Amino acid sequence: MTNFGVLVFPGSNCDRDIAYVTRDLLGQPTRFIWHQETDLGDVDVVIVPGGFSYGDYLRCGAIARFSPIMQAVLDHAAQGKSVLGVCNGFQILTEVGLLPGALTRNRDLHFICDRTPLKLENHRSPWTNTYNQPVITLPIAHGEGRYHADPDTLKDLEDHDQILFRYCDPDGIIDESHNPNGSIGNIAGITNRQGNVLGMMPHPERAADAMLGSVDGLGLFQGLLN
Amino acid sequence: MAHFHARIYVTLRPSVLDPAGVAVCSGLHQLGYEAVESVRIGKYIEVQLTAADQGEAETQLDQMCDRLLANPVIENYCFELTELAAA
């Protein structure tokens with residue numbers, strides 16, 4: 001069994017969707033961890049869910065990163081254990097320094113709620129090794145998801161296979177016309193150098209139950225099961 | 001301890017696209033201000049604090065900006081510091 005821990009901040013709103021996947025669909029022990037806690041206990045995988053933590057005041061994720069639980073998340077990641085940040089969770093992981101770069105205002109200013117194809121750039125990662133197909137489609141829902149990194153950081157990400165997902169067309173072609181938010185290099189999700197921390201703007205938890213139309217996101221969680 | 005008032009300006013680094021600034025620029029053009037060449041939108045933050053002296057206040061503010069008020073990956077900051085008369 002894999003123990004999942006889902007962080008809950010004031011303003012998180014995808015926490016229950018994550019738990020529905022890990023507990024109800026995959027049958028794994030899952031508990032919610034309030035941001036004021038300081039101990040992750042026996043958790044194997046920490047998930048930082050989407051939402052609007054602290055109302056996105058100042059910058060998305062800027063205040064959540066100072067929550068008491070985040071030191072335990074940093075320690076957890078330093079031990080090589082898995083941390084997944086989705087949407088606002090990705091923003092929090094960049095703010096706390098577990099992932100490089102930053103998420104900024106979408107190119108066209110709109111909040112985007114859509115489904116978008118994603119090219120899997122690296123099938124060897126534990127996050128993606130259950131997938132055989134080159135392209136999956138996941139929902140996105142964000143106003144500030146335009147990934148930004150300086151040229152050196154971008155090269156570093158590419159040199160170390162840290163880019164897992166890029167926005168693309170349904171055939172896997174990566175170009176600017178299939179870049180919903182203007183992210184540099186069409187980047188939708190990256191890992192840290194070690195590969196145990198993943199941040200992504202698309203919502204795999206919203207594409208995990210066939211009844212809701214797609215199970216393209218389920219494999220990401222299945223890859224983490226012991 | 002002395003009381004200080006800080007005016008902090010947080011701006012996007014020049015290399016970072018500012019779509020909100022571009023939209024406002026286009027709005028100004030539509031209002032007839034054709035002379036506007038560019039607009040960049042930042043944040044203005046006021047902080048009141050106590051510190052032993054000007055130097056300590058500046059050190060504190062630098063730390064606050066680096067750690068929370070600005071994100072050094074995408075933003076620059078600067079501040080003006082004024083000592084307030086003793087209450």
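Tutor: Start with pairing: two strands pair if DSSP finds at least two bridges between them. Helices (H or I, at least four residues) and strands (E, at least two) are DSSP runs, numbered from the N terminus. This is a predicted model: local features need pLDDT of at least 70, side-chain atom pairs count only at pLDDT 80 or more, and totals for chains, interfaces and linings use all residues. Residues are numbered from 1 along each chain as its sequence is written, while chains are lettered from A and ligands numbered from 1 in the order in which they are written.

Our part is chain B. Chain B holds 2 helices and 3 strands. Along the sequence they follow the pattern β-α-β-α-β.

Now the sheet. The 3 strands of chain B form an open sheet in the order 2-1-3, with antiparallel pairing. Strand 2 (43–51) and strand 3 (75–84) of chain B are at the edges, each with a single partner strand, so one side of each has no neighbour in the sheet. From one strand to the next, the twist averages 20 degrees. Axes here are lines fitted to C-alpha atoms, for helices over the stretch in contact, and angles run from 0 to 180 degrees between N-to-C directions.

Look at one pair. Strand 1 (residues 2–12) and strand 2 of chain B run antiparallel, joined by 9 bridges. Across from Phe4(B) stands Leu49(B), in strand 2 of chain B.

Next, a helix on the sheet. Helix 2 (residues 54–69) of chain B lies across strand 1, strand 2 and strand 3 of chain B. Its direction is at about 150 degrees to strand 3 of chain B. Two residues are in contact if their C-beta atoms, placed from the backbone, lie within 7 Å. Of the contacts in chain B with a separation of 6 or more, 71% are between residues 24 or more positions apart.

What about the overall form? The C-alpha atoms of chain B fill a box of roughly 50 × 30 × 15 Å, taken along the principal axes.

Last, the partner chain. In chain B, 9 residues are in contact with 13 residues of chain A. Helix 1 (residues 19–30) of chain B gives the most to this side, with 3 residues.
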